[in-house]
Amino acid sequence: MAKIERAIISVTDKTGIVHFASALAPFGVQILSTGGTARTLRDGGLTVTDISQYTGFPEMLDGRVKTLHPKVHGGLLGLRDNHEHRDMMSRHGIQTIDMLVVNLYQFEKTVADPQVTLEQAIENIDIGGPAMLRSAAKNFRDVTVIVDPADYPRVLDEMASSGGETTLKTRFELAKKVFALTHRYDGAISQYLSGVAL
């Protein structure tokens with residue numbers, strides 16, 4: 001894998017995120033972000049590019065559509081060693097995204113409230129987050145994907161020892177965590193909805 005040059009950071013759990021993002025700065029990593037995460041990072045003194053600026057398309061529909069864009073998923077899914085992918089990405093202004101740091105809307109916490117309405121539950125189903133996570137994890141040979149703040153130190157240690165890269169072994173292990181998470185997440189949604197009658 002080549003040096004990490006660009007990362008998307010968009011997290012619900014902001015534990016340690018400013019410290020982690022600050023540690024990326026010496027490696028020259030460009031940070032793309034959304035909404036509350038972008039504000040948190042800027043408040044922490046970091047330079048952040050809004051996803052909407054990168055895609056050229058505004059966040060819309062009350063934030064429901066932010067990252068569902070070819071410049072995001074193409075940047076995550078494009079195979080770096082595939083010349084056709086690289087040429088197509090270049091033609092469409094798609095830059096490689098080498099790292100994704102995402103955790104999801106807290107659906108289970110939301111539906112644990114006995115007073116929660118179906119509408120509130122539905123609004124806490126994350127769409128863009130799982131889509132990005134699956135894209136990044138599928139392309140683990142080229143993309144480092146992090147869903148758990150506990151993995152920040154491991155990734156930073158590897159980057160420090162290699163001049164800004166991570167190992168294939170680590171990327172594969174992190175990808176497996178993604179698919180375990182999205183499996184549990186979809187299961188929680190299915191379980192909740194199975195108990196709801198209209």
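This is a predicted model: local features need pLDDT of at least 70, side-chain atom pairs count only at pLDDT 80 or more; totals for chains, interfaces and linings use all residues.

User: How many bridges join strand 4 to strand 5?

Analyst: Three, with the two strands running parallel. To pick out a residue pair, Leu 100 has Val 145 in strand 5 as its bridge partner.

User: OK, on to helix 1. Which of its residues are buried?

Analyst: Helix 1 covers residues 17-24, and its buried residues are Ile 17, Phe 20, Ala 21 and Leu 24. They sit on the same side of the helix, because they cover an arc of only 95° around the axis.

User: Why would that spacing line them up?

Analyst: An α-helix has 3.6 residues a turn, so residues three or four places apart point the same way.

User: What covers that buried side?

Analyst: The cover includes strand 1 (6-10), strand 2 (30-33), strand 4 (99-102) and strand 5 (144-146). Helix 2 (35-43) and helix 9 (152-162) are also among the elements covering those buried residues.

User: Switching to charges. How many salt bridges are there?

Analyst: The count comes to six. One of them joins the side chains of Asp 98 and Arg 80, at 3.3 Å from N to O. Asp 98 lies in the loop between helix 5 (83-91) and strand 4, and Arg 80 in the loop between helix 4 (70-77) and helix 5, so the pair ties together parts that are 18 residues apart in sequence.

User: Is that Asp 98 buried or exposed? And what about Arg 80, buried or exposed?

Analyst: Asp 98 is buried, at 6% relative accessible area. Arg 80 is buried too, with 18%, which puts it under the 20% cut-off for that label.

User: What does Lys 177 pair with?

Analyst: Lys 177 meets Asp 148 in a salt bridge, at 3.2 Å from N to O. That pair links distant parts of the chain, with Lys 177 in helix 10 and Asp 148 in the loop between strand 5 and helix 9, 29 residues apart. Lys 177 also forms a salt bridge with Asp 151, at 2.7 Å from N to O. Asp 151 is in the loop between strand 5 and helix 9, 26 residues from Lys 177. Through shared partners, the salt bridges join Asp 148, Asp 151 and Lys 177 into one network.

User: How accessible are those three?

Analyst: Lys 177 counts as partly exposed at 32% relative accessibility, and Asp 148 as partly exposed at 27%. Asp 151, by contrast, is buried, with a relative accessible area of 10%.

User: Last one: which residues make the nonpolar surface patch?

Analyst: Ile 122, Leu 193, Val 196 and Leu 198 make the patch, which is about 390 Å². Leu 193 is found in helix 10 (residues 168-194). With a relative accessible area of 34%, Leu 193 is partly exposed.

Technical notes
Residues are numbered from 1 along each chain as its sequence is written. Side-chain values use heavy atoms; hydrogens and water are left out. Buried means under 20% relative accessible area, exposed over 50%, partly exposed in between (1.4 Å probe, protein chains only). Helices (H or I, at least four residues) and strands (E, at least two) are DSSP runs, numbered from the N terminus. The arc is that of the directions from the helix axis to the C-beta atoms. Contact means heavy atoms within 4.5 Å. Patches are made of residues with over 30% relative accessible area and no salt bridge: like charges are joined within 9 Å, nonpolar side chains (Val, Leu, Ile, Met, Phe, Trp, Tyr) within 5 Å. Accessible areas come from the Shrake-Rupley method with a 1.4 Å probe; for residues, only the protein chains shown count as cover. A salt bridge is a side-chain nitrogen of Lys or Arg within 4 Å of a carboxyl oxygen of Asp or Glu. Two strands pair if DSSP finds at least two bridges between them.
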